[in-house]
Amino acid sequence: MRRLKTFIKAYVQDPGWLWFVRKYKTRMGWQARPYEVYYQQAKRLCRNVGEIPKTVLPAVRQFNEQGWATLQTPETEEIAAEILQVMRSEESDGEDIWNEAGQYIKADVWRKFPNLEKVFTGIAGEFIRGVYECEYKIWAGIPYKSQRQADKPTGSQLWHFDGKPGTCINLMYCLGPVGPENGAMECMSWEDTYRLFVLERKQFRQWELEAAKLSKVEVRARRASFLKEKIDCDFANRVNQPKSNGGMLFFFRNNLLHKGGFVSSGTERFVCGFDMYPSQNPPPFDEYRARGIPKTTNYPKDPDF
Ligand SMILES: [Fe+2]
């Protein structure tokens, strides 16, 4: 019986998991099914979303092929600069606006910076609807400031995936300049991400990890160093790192391998991160204006939130 169990685990567990990762574009595996079912239903109900505007069509195509894309317009530049200017002046007034994790704590971003709505009713919204082929909603939004705090990259500065449902699209709104010197985000395409997940599972078979009773921290550390080595050796020329003078919208699939925020000494990086999900209805902006878009949990437990 034990041998049969081991056999099943060795030959079924990892291939089965990878099949679901491919299908639902998330490491949640089969548990992501309700999110995908809700998404397909939203697409059926939103036939009125219509044609994708020409302004965002190349970015939508790129996103569908690669799992990431960027957009930048004079309006996104202007609104980003306005937000950054407010934050800078709060800083120079000596206010404590960032917590230890670099998150903006002074106020809810949507309520504090109402011009953000223009970005979403404008080009960001056009893009997201073009990708989803249905309406969308925002789960949470938080500005971040990255500064040099350690000698080596740690946490989200190492290659990782966010592990939320595959229907989740992340948006990094770059409020200031981003480039290699200030830890501009780097990502792999979805195809390369999936290839790396396959290699990783060959290296660390789930049933072997379970049998070895390793802690989550230990598993994460081993995985991060494996991914770094593999990417540096075999995928180095396939890493994407878009640059901007400020105002860029960087969209990427939530489970894409990515990292960012390890800045050179003396430089800083200001971004605002948003999590978006497909929806049957247009985004409830009046609700966002009233209650903001704080992060209550990592991801919505109900896709129909
Ligand atoms: Fe992340």
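This is a predicted model: local features need pLDDT of at least 70, side-chain atom pairs count only at pLDDT 80 or more; totals for chains, interfaces and linings use all residues.
Begin by selecting the five strands of the open sheet, which follow the order β1-β5-β3-β7-β2 with antiparallel pairing. At the edges you will find β1 (68-71) and β2 (135-146), each of which pairs on one side only. If you look along the sheet from one strand to the next, the twist averages 20 degrees.

Next, pick out residues 169-174, which are strand β3, together with residues 249-253, which are strand β5; these two pair in the antiparallel sense over five bridges. Within this pair, Leu-171 stands opposite Phe-251 of β5.

Helix α3 (residues 57-66) lies across β1 and β5 and runs at about 160 degrees to β1, while helix α7 (residues 123-132) lies across β1, β2, β3, β5 and β7, running at about 125 degrees to β2.

Then turn to the largest nonpolar core, which has 70 residues, and select those with the most contacts inside it: Phe-127, Leu-171, Tyr-173, Cys-174, Phe-251 and Met-276. Beyond its neighbours within four places in sequence, Met-276 is in contact with residues including Ile-128, Tyr-136 and Leu-171.

Finish with helix α2 (residues 33-45), whose 13 residues reach 18 Å from the first C-alpha to the last. Which residues of α2 are buried? They are Tyr-35, Tyr-38, Tyr-39 and Ala-42, and because these buried residues fall within an arc of 100 degrees when seen down the axis of α2, they line one face of the helix. Their cover includes β2 and β7, whereas Val-37 and Arg-44, on the other side of α2, are exposed.

Definitions and conventions
Residues are numbered from 1 along each chain as its sequence is written. Two strands pair if DSSP finds at least two bridges between them. Helices (H or I, at least four residues) and strands (E, at least two) are DSSP runs, numbered from the N terminus. Axes are lines fitted to C-alpha atoms, for helices over the stretch in contact, and angles run from 0 to 180 degrees between N-to-C directions. Two residues are in contact if their C-beta atoms, placed from the backbone, lie within 7 Å. A nonpolar core is a set of buried Ala, Val, Leu, Ile, Met, Phe, Trp, Tyr and Cys residues joined through C-beta atoms within 7 Å. A residue is buried if 20 or more other C-beta atoms lie within 10 Å of its own, exposed if 12 or fewer, and partly exposed in between; C-beta atoms are placed from the backbone. The expected span of a helix is 1.5 Å times one less than its number of residues. The arc is that of the directions from the helix axis to the C-beta atoms.
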